[in-house]
Amino acid sequence: MVTRIQTVAFQGINTVPIDVQVQVANGLPAFNIVGLADKAVAESKERVRAALNASGLSLPPKRIVVNLAPADLPKEGSHYDLPIALGLMAAIGAISPDMANGYLVLGELALDGRISPVAGVLPTAIAAKAMEFGLICPHAAGPEAAWASAELDIVAPDSLLALTNHLNGTQMCARPQPKRQEMGADLPDMADIKGQEGAKRALEVAAAGGHNFLMVGPPGAGKSMLAARLPSILPPLNPRELLDVSMVQSVAGQLAGGKLSDRRPFRAPHHSASMAALVGGGIKVKPGEVSLAHNGVLFLDELPEFSPQVLDGLRQPLESGETVIARANHRVTYPSQFQLIAAMNPCKCGMAGTPGHTCRRGDRCATDYQARLSGPFLDRIDIRVDVPAVSALDMIDHGKAEPSAAIAERVAQARQAQEARYAGSGLYTNAKASADLIEKVVELKDSSKKLLVDAAEKFNLSARAYHRVLKVARTLADLENQANVERHHVAEALGYRLNFSLG
Ligand SMILES: Nc1ncnc2c1ncn2[C@@H]1O[C@H](COP(=O)(O)OP(=O)(O)OP(=O)(O)O)[C@@H](O)[C@H]1O
Ligand SMILES: [Mg+2]
């Protein structure tokens, strides 16, 4: 007889249904798993055997074959332990064969029969809801699954024994409840930054419209400090974004305790990051930093220190909002709509452009350093500001600066205006609007149009740059709560692109 249990394989954040078929037949004792299983799945038989033993069940000395269908799809990960164990239990009569029907099952087994957490429970729960199935998952991931739907039938036992008792109706497991990660008010505050009014304003605009942002300045000017304070002025994730962000975190195995958080992701990888770490991939395809920053911020400090290939690898996700990782045998897509925030020194010694300073290597100090950034990469950055060093006088004489809470309020109001404008289209910020859409929503008066066209001609703006200026101008008007984009908005937006020491 063949018993069947349903589980899933992951392709990006999507799930593919997998049928786990278990056959216990007469013949020489053997235990084989077939169906393109990777090492973790192949090792599953040892864990399953030990866990069943620990739960008081021993495998019969027969020929056991487990087939993971469809057989031509590669299977990765340890979450097949539990469906295989359940299939075996049904085959040897420890539970009735139809008990686990109508459930998607995933979980890893420990040798003592406990069920350990696995990645990808949230997407599986959402798939189960769509298929009108229930879900059997590890206890620790129960709260994560509960976010999928209030009606979903979720069984989240902590051990194989607890699961058997639940299925046999002797002792029921309680349905898990969704949990939220409590975030303390531990974010650094904008009030700590003295001076730098221009950079602060630009950061506020970037936060309001989700624009890509680059700061250039000498060491110690406060660039890293400014970037670290961006999370304190960003609005929390809306419910739709929260689910999208958590799906990626779930697949990456980064949802601690199954708790979801509505704080926007802020990822700051070190500049030694490889292409696979930043963009995603590796032998086992995993989401990279760009996908973990989905709906949030990717902060690249010391930008030219990143490898030029890695930076150019960001060009495609920056444009399309998703990362496609192609392998010889499969292709995976991860969402990656992130806001890029970057900081750099103008040259290797860090001081080029500072009045009274001459680099020892002359002009080459700056040109060589800046040449590490390609033109097309820089073209994707909407707001670029110079951050000069603050003078000692500014540091001493400065009164209390505006706190993050006040700035966050203005940002939130501008974001609301954008959400209302793009309602129903799945867009929330001006930065993500398509070129057509932004041309439609920004109606310029003749004088503003002339200013933009003149600047575009004089400075050779690309078509992309033209649209990006329009987007920033729209955000500036949103920050002032104005329905129309005026000339001074266009002028300020152009300033962010042109009044800049690089390129
Ligand atoms: N505008 C400022 N207001 C208050 N403190 C500042 C300011 N700028 C710099 N500092 C002080 O200098 C320290 C270094 O600043 P930060 O690390 O942000 O510099 P940076 O511009 O990132 O430099 P680098 O180019 O070397 O990375 C901060 O921790 C802070 O103590
Ligand atoms: Mg720094």
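Tutor: Start with a sheet of five strands, in the order S11-S14-S17-S10-S18, which is open and has parallel pairing. Keep in mind that the model is predicted.

Student: What makes S11 and S18 the edge strands?

Tutor: Strand S11 (266-267) and strand S18 (383-386) each pair on one side only, and that puts them at the edges.

Student: How do you know that S10 and S17 pair?

Tutor: Two strands pair if at least two bridges are found between them. Strand S10 (residues 213-216) and strand S17 (residues 339-344) run parallel and are joined by four bridges, so they count as a pair. Within that pair, Val216 is opposite Met344 in S17.

Student: Which helix packs on this sheet, and which strands does the helix touch?

Tutor: Helix H7 (residues 197-209) does, touching S10 and S18. The direction of H7 makes about 165° with that of S18.

Student: Is Gln196 called buried or exposed, and why?

Tutor: The cut-off for buried is 20 or more other C-beta atoms within 10 Å. Gln196 has 25 C-beta neighbours inside 10 Å, so Gln196 is buried.

Student: And Pro218: buried or exposed?

Tutor: Pro218 has 20 other C-beta atoms within 10 Å, and the cut-off is 20 or more, so Pro218 counts as buried. This residue is in the loop between S10 and H8. Leaving out residues up to four places away in sequence, Pro218 touches Asn345, Gly350, Met351, Thr354 and Ala389.

Student: Which residues come nearest to ligand 1?

Tutor: There are 15 residues around ligand 1, and Pro219, Gly222, Lys223, Ser224 and Met225 come nearest. Helix H8 (residues 223-228) gives the largest share of the shell, three residues. By kind, the shell holds six nonpolar, seven polar and two charged residues.

Student: Let us turn to S4. How do you know how S4 pairs with S2 and S3?

Tutor: The cut-off for pairing is at least two bridges. Strand S3 (residues 30-34) is joined to S4 by five bridges and runs parallel to it, with Val34 having Asn67 as its bridge partner.

Student: Which residues of S4 are on the covered face?

Tutor: In strand S4 (residues 63-69), Ile64, Val66 and Leu68 form the covered face. The uncovered face has Arg63, Val65, Asn67 and Ala69.

Student: What is the peptide bond from Ala69 to Pro70 called?

Tutor: This bond is cis, with omega near 5°. Most peptide bonds are trans. Pro70 is in the loop between S4 and H3.

Student: Why is H3 described as largely enclosed?

Tutor: In helix H3 (residues 81-91), 11 of the 11 residues are buried, so the rest of the structure largely encloses this helix. Among them are Asp81, Leu82, Pro83 and Ile84. Just after H3, Gly93 has a positive phi of about 85°.

Student: How do H17 and H20 pack?

Tutor: The axes of helix H17 (residues 404-421) and helix H20 (residues 463-479) are 8 Å apart, at an angle of about 115°. The crossing is right-handed. Arg410, Ala414, Ala417 and Gln418 in H17 meet Thr475, Asp478 and Leu479 in H20. The contact residues divide into three nonpolar, two polar and two charged.

Conventions:
Residues are numbered from 1 along each chain as its sequence is written. Chains are lettered from A and ligands numbered from 1 in the order in which they are written. This is a predicted model: local features need pLDDT of at least 70, side-chain atom pairs count only at pLDDT 80 or more; totals for chains, interfaces and linings use all residues. Axes are lines fitted to C-alpha atoms, for helices over the stretch in contact, and angles run from 0 to 180 degrees between N-to-C directions. Helices (H or I, at least four residues) and strands (E, at least two) are DSSP runs, numbered from the N terminus. A crossing is left-handed if the near helix is turned anticlockwise from the far one by less than a right angle, and right-handed if clockwise. Two residues are in contact if their C-beta atoms, placed from the backbone, lie within 7 Å. Ala, Val, Leu, Ile, Met, Phe, Trp, Tyr, Cys and Pro count as nonpolar, Asp, Glu, Lys and Arg as charged, and the others, Gly among them, as polar. A residue is near a molecule or strand if its C-beta atom, placed from the backbone, lies within 6 Å of it. A residue is buried if 20 or more other C-beta atoms lie within 10 Å of its own, exposed if 12 or fewer, and partly exposed in between; C-beta atoms are placed from the backbone.
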